[in-house]
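Subject: Structure for your review

Dear colleague,

Please find below the structure that I promised to hand over. My findings follow directly after it.

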Amino acid sequence: MTALKALYGGTFDPVHYGHLKPVEILANLIGLSKVIIMPNNVPPHRPQPEATSAQRTEMLKLAIADKPLFELDERELRRDTRSYTSETLREWRQEQGPTQPLAFIIGQDSLITFPSWHDYESILGNAHLLVCRRPGYPMAMKDEAHQQWLDRHLTNSADDLHRTPAGKIYIAETPWFNISATLIRERLQQGESCDEMLPQAVLRYIQEKGLYQ
């Protein structure tokens, strides 16, 4: 079997343990060899980040400095247009070749809305979907056609992810860490402690730069 690589996108404003820990556990569960973290520039589904692209990049570098599983990819930050996953994965597939198993990591909340994503059907042509469970979200899609789409691609076998280059959806039993970037920003604004929520190097950087005040 060929080593499976995964892409993990997000705003990371700031990066925190709720981003990192579930993915580290996922990597152990299914044998991920590398997770490429890719910060968004202009996220299609949410407001603009508070920290600049350079600041978010620096925080990510600090967060993964001692974590060899992770690698940083800044390609979306170099674009001035919206960051569409379908386009990024098409580009990544061309670079990695047709046989390399590739995956894209999302949360269960994103799976439910996945059919609303730009050119969503092309995504499984270029990668598997790895879904981290989230409590309180349904396992069913909103309509029958999308449920059939999910059922058609769903697998319970991690081996399937390694044997084929793309096309499978795997829902992983990863733990939920009740941490969000919004909560961290609010706590920082109120002068409350965030020590348990994000790496100390990231917290020091935030304090040094006066971010989220």
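I begin with D119, which is partly exposed, with a relative accessible area of 38%. Please bear in mind that the model is a predicted one. D119 forms a salt bridge with R90, and the closest N and O atoms of the two are 2.8 Å apart. This pair links distant parts of the chain: D119 belongs to the loop between helix 4 (108-112) and helix 5 (120-126), whereas R90 sits in helix 3 (residues 85-96), 29 residues apart. R90 is also partly exposed, its relative accessible area being 32%.

Other salt bridges

In total, the structure holds 13 salt bridges. One of them joins R185 to D13, with the closest N and O atoms 3.8 Å apart. Here too, distant parts of the chain are linked: R185 is in helix 8, D13 is in the loop between strand 1 (4-10) and helix 1 (17-30), and 172 residues separate them. Both R185 and D13 are buried.

A further salt bridge is formed by D159 and R163, whose closest N and O atoms are 3.6 Å apart. Both residues lie in helix 7 (residues 158-163), four residues apart, which is about one turn of the helix. D159 has a relative accessibility of 34% and so counts as partly exposed; R163, at 54%, counts as exposed.

Helix 9

Helix 9 covers residues 200-209, and its buried residues are V202, L203, Y205 and I206. Viewed down the helix axis, these buried residues fall within an arc of 160°, and therefore they line one face of helix 9. Q207 and E208, on the other side of the helix, are exposed. The packing partners of the buried residues are helix 2 (53-64) and helix 8 (181-189). Helix 8 is also the element that holds R185, the partner of D13 described above. After helix 9 comes G210, which has a positive phi, near 65°.

The loop residue N41

N41 is found in the loop between strand 2 (32-39) and helix 2. With a relative accessibility of 12%, N41 counts as buried. Which residues does N41 contact, leaving aside its neighbours within four places in sequence? They are Q48, P49, S53, R56, E76, L77, R79, D80 and S83.

Nonpolar cores

The largest nonpolar core has 40 residues, and the ones with the most contacts inside it are I30, L32, M59, I105 and L130. Helix 1 gives the most to this core, contributing five residues. Not counting residues up to four places away in sequence, I30 touches L4, L130, A158, L161, H162 and Y170. There is also a second, separate core of 23 residues, and W92, M141, W149 and I169 are included in it. In general terms, nonpolar side chains in soluble globular proteins tend to be buried together.

With kind regards

Conventions
Residues numbered from 1 in each chain as written. Predicted model: local features only at pLDDT ≥ 70, side-chain atom pairs only at ≥ 80, totals over all residues. Heavy atoms only, no water. Buried < 20%, exposed > 50% of the residue type's maximum accessible area, 1.4 Å probe, protein only. Helix = DSSP H or I, 4+ residues; strand = E, 2+ residues; numbered from the N terminus. Arc of directions from axis to C-beta. Contact = heavy atoms within 4.5 Å. Salt bridge = Lys/Arg side-chain N within 4 Å of Asp/Glu carboxyl O. Core = buried A, V, L, I, M, F, W, Y, C linked by side-chain atoms within 4.5 Å.
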